[in-house]
Amino acid sequence: MDTLQTICSRKSVRSYTGEPVSEADLEEILKAGEAAPVGMRRFADFHITVIKNKDLLNEIRKTAATMFGNPSSDPLYGAPTLILVSGKAPEPAAANAIYSSAACIIENMALAATDLGVGNCLIWGAVAALAQNTALTDKLGLPEGFVPFSGLIVGKMDGSYSVRDINMNRIATDTID
């Protein structure tokens with residue numbers, strides 16, 4: 001698939017078979033994260049955690065569902081793997097760069113997963129719930145001073161990706177000559 005086809009095919013997958021992706025596909029997805037642009041090349045300010053442990057995933061699900069006010073929901077949509085991007089808690093002046101870099105890491109991994117035909121969805125709310133639960137974040141073994149920023153769930157899905165027509169008026173755009 002070429003780059004623009006991959007970009008125009010990416011979508012949020014919210015239904016998984018429960019079957020994990022292959023280790024080879026997971027390696028490619030993580031490689032894409034490693035290839036992401038990071039502000040001032042401060043790669044040491046980030047940490048990726050791959051969570052496959054069912055008990056820990058269920059704790060994250062319950063914590064997020066409770067925070068959302070719907071304890072019976074599944075904010076991870078049955079995905080068997082959560083890839084979490086954490087980073088050093090930013091100083092206010094550097095917050096934009098660190099959050100933007102984390103978003104680039106996540107989007108690179110989402111595009112790689114799409115290209116591989118692996119179901120994926122960017123996860124923000126469940127990660128925010130996780131970040132507020134100290135007992136749960138302690139189980140992640142993050143380096144000192146790191147906090148969860150964002151996540152990507154991945155897994156086998158029913159169905160496939162297809163190139164979508166993109167409405168060029170979704171985002172207001174001005175050109176200044």
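Good morning. What I am showing is a predicted model, in which local features need pLDDT of at least 70 and side-chain atom pairs count only at pLDDT 80 or more, while totals for chains, interfaces and linings use all residues. Residues are numbered from 1 along each chain as its sequence is written, and side-chain values use heavy atoms, with hydrogens and water left out.

Let me begin with the sheet. Helices (H or I, at least four residues) and strands (E, at least two) are DSSP runs, numbered from the N terminus. Two strands are taken to pair if DSSP finds at least two bridges between them. On that basis there is an open sheet of 4 strands, in the order β1-β2-β4-β3, with antiparallel pairing. Strands β1 and β3 (119-123) stand at the edges with a single partner strand each, so one side of each has no neighbour in the sheet. From one strand to the next, the twist averages 20°; here axes are lines fitted to C-alpha atoms, for helices over the stretch in contact, and angles run from 0 to 180 degrees between N-to-C directions.

Within this sheet, β1 and β2 pair in the antiparallel sense over 6 bridges. As one example, threonine 49 has leucine 84 in β2 as its bridge partner.

I turn now to charged side chains. Side chains of opposite charge can pair when their charged atoms come close. How many salt bridges does the rule give? A salt bridge is a side-chain nitrogen of Lys or Arg within 4 Å of a carboxyl oxygen of Asp or Glu, and the count by this rule comes to 7.

One of these joins glutamate 19 and lysine 156, at 3.8 Å from N to O. This pair links distant parts of the chain, 137 residues apart: glutamate 19 is in the loop between α1 (3-9) and α2, and lysine 156 is in the segment after β4 (146-155). For accessibility, buried means under 20% relative accessible area, exposed over 50%, and partly exposed in between (1.4 Å probe, protein chains only). Glutamate 19 is partly exposed because its relative accessibility is 45%, and lysine 156, at 35%, also counts as partly exposed.

Glutamate 23 and lysine 52 form another salt bridge, at 2.4 Å from N to O. Here helix α2, which holds glutamate 23, is linked to the loop between β1 and α3 (54-67), where lysine 52 lies, 29 residues apart. Glutamate 23 is partly exposed at 48%, as is lysine 52 at 39%.

Aspartate 74 and arginine 61 also meet in a salt bridge, at 2.8 Å from N to O. Aspartate 74 lies in the loop between α3 and β2 (81-88), arginine 61 in helix α3, and they are 13 residues apart. Is arginine 61 buried or exposed? At 13% relative accessibility, arginine 61 counts as buried, whereas aspartate 74 is partly exposed at 30%.

Finally, I draw attention to the loop between α2 (23-34) and β1 (46-51), where methionine 40 lies. Methionine 40 has a positive phi of about 55°, although it is not a glycine. Arginine 41, in the loop between α2 and β1, likewise has a positive phi of about 55° without being a glycine. Methionine 40 counts as exposed because its relative accessibility is 75%, and arginine 41 is exposed at 67%. Thank you.
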